[in-house]
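Here is a friendly briefing to read alongside the model. Please keep the structure open as you go through the points.

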Amino acid sequence: MDEAMLPVKRDVRRAFDRAARTYDEAAVLQREVCARLLDHLDPMRLEPRRAVDLGCGTGHAFDRLAARFPGACLVGLDIAPAMLARARERSPWWRRLLGSRRPALVCADAERLPLASGCLDLVFSNLALQWCDPERAFAESARVLGTGGLLLFSTFGPDTLKELRAAFAEADGSPHVNHFADMHDLGDALVHAGFADPVMDMERITLEYDTALAVARDLKAIGAVNSLPSRARGLPGRERWRRMSAAYERFRRNGLLPATWEVVYGHAWKVPSRKRADGRHVVDFAPRSPR
């Protein structure tokens, strides 16, 4: 992906650090998508020994992953130290005394995983990869997964926050909403990274608000702020905000303003690859046997 379309990682980390204490209360959509993503595991026969929650945030998925895979060693990885501090609070001392296994927590970038090659059986990632270059993140996931390992993820597609994007475009023409990769491009990137049998799915979820300000406050509370390198610095001026709010009013229906989220779900399996003399990788595809 073009570097100009990618969020600035330093700014992403800062935004999520600032949002760590407000995240859980505001992350209604993130919890719902996490539940739906975990449901994708139902038809799969998988008993991972080691798994990572990539972009774990405050650790919302830890309990459900541990319940589903009680024998797995779980790693929670996130770019924001303050998010990991909140995740650590999910394992109180009394649970540790009772023998509950606490996930290991690692502060790192999904594009540069400090994990050994082939050490994992499952990479799980809920609504985190939109802050990354998909090709780099998929390549790293492929590297740390052993043969037969699974990558399961959710992310956002291009229609996400389309109303807010259109309102700001009418107000000043500057980019205020991050770019999101298309589902088909993500599928291609999975194959290029060495995954087989990629399965992609998409749905749109609409949240409703009283005002444009309420939309902006929710986004700030979960750390989902504009991190593009070309964004305007500083707070929006009062006149620009007035124009944006007026433009957003065109979308009001039944007394409320919609905020659309295009949610993309994907999973794919790590397969052996062969490398040709010219450096290209050859990946064999075969149908999976019926369960």
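Let's begin with helix H9 (183-193): the elements covering its buried residues include helix H7 (134-144), strand S5 (145-156), strand S6 (195-209) and S7. Contact here means heavy atoms within 4.5 Å, and buried means under 20% relative accessible area, exposed over 50% and partly exposed in between (1.4 Å probe, protein chains only). Helices (H or I, at least four residues) and strands (E, at least two) are DSSP runs, numbered from the N terminus.

This is a predicted model, in which local features need pLDDT of at least 70 and side-chain atom pairs count only at pLDDT 80 or more, while totals for chains, interfaces and linings use all residues. Residues are numbered from 1 along each chain as its sequence is written, and side-chain values use heavy atoms, with hydrogens and water left out.

**Helix H9**
- The buried residues of H9 are Met183, Leu186, Gly187, Ala189, Leu190 and Ala193.
- Viewed down the helix axis, these buried residues fall within an arc of 160°, so they line one face of H9; the arc is that of the directions from the helix axis to the C-beta atoms.
- His184, Asp188 and His192 are exposed on the face of H9 turned away from the buried side.
- At the start of H9, a side-chain oxygen of Asp182 comes to within 2.8 Å of the backbone nitrogen of His184.
- Just after H9, Gly194 has a positive phi of about 110°.

**Nonpolar cores**
- The largest nonpolar core has 45 residues, of which Leu41, Phe124, Leu150, Leu164, Met244, Tyr248 and Trp261 touch the most other members.
- Strand S7 (residues 257-270) gives the most to this core, with 6 residues.
- A second, separate core of 29 residues includes Leu113, Leu186, Leu190 and Phe195.
- A nonpolar core is a set of buried Ala, Val, Leu, Ile, Met, Phe, Trp, Tyr and Cys residues joined through side-chain atoms within 4.5 Å.
- Not counting residues up to four places away in sequence, Tyr248 touches Glu163, Leu164, Ala167, Ala212, Val215, Leu257, Pro258 and Ala259.

**Salt bridges**
- The structure holds 21 salt bridges, each a side-chain nitrogen of Lys or Arg within 4 Å of a carboxyl oxygen of Asp or Glu.
- Arg136 and Asp133 pair at 3.5 Å, N to O; Arg136 is partly exposed at 35% relative accessible area, whereas Asp133 is buried at 4%.
- A network of salt bridges links Lys9, Asp109, Glu111, Arg112, Asp133 and Arg136.
- Asp172 and Arg240 form a salt bridge, with their closest N and O atoms 3.3 Å apart.
- Asp172 lies in the loop between H8 and H9 and Arg240 in helix H11 (residues 238-248), so this pair ties together parts that are 68 residues apart in sequence.
- Arg242 and Glu239 form a salt bridge, with their closest N and O atoms 2.7 Å apart; both lie in H11, 3 residues apart, about one turn of the helix.

**Two loop residues**
- Asn178 sits in the loop between helix H8 (162-171) and helix H9 (183-193) and is buried at 6% relative accessibility.
- A polar atom of the Asn178 side chain is 3.2 Å from the backbone nitrogen of Ser227.
- His60 is in the loop between strand S1 (50-54) and helix H4 (62-68) and is partly exposed, with a relative accessible area of 34%.
- Not counting residues up to four places away in sequence, His60 touches Arg31, Cys34 and Arg90.

Definitions and conventions
A polar contact is a pair of N or O atoms within 3.5 Å; within protein, one must be able to donate a hydrogen and the other to accept it, and residues adjacent in sequence count only if both atoms are side-chain atoms.
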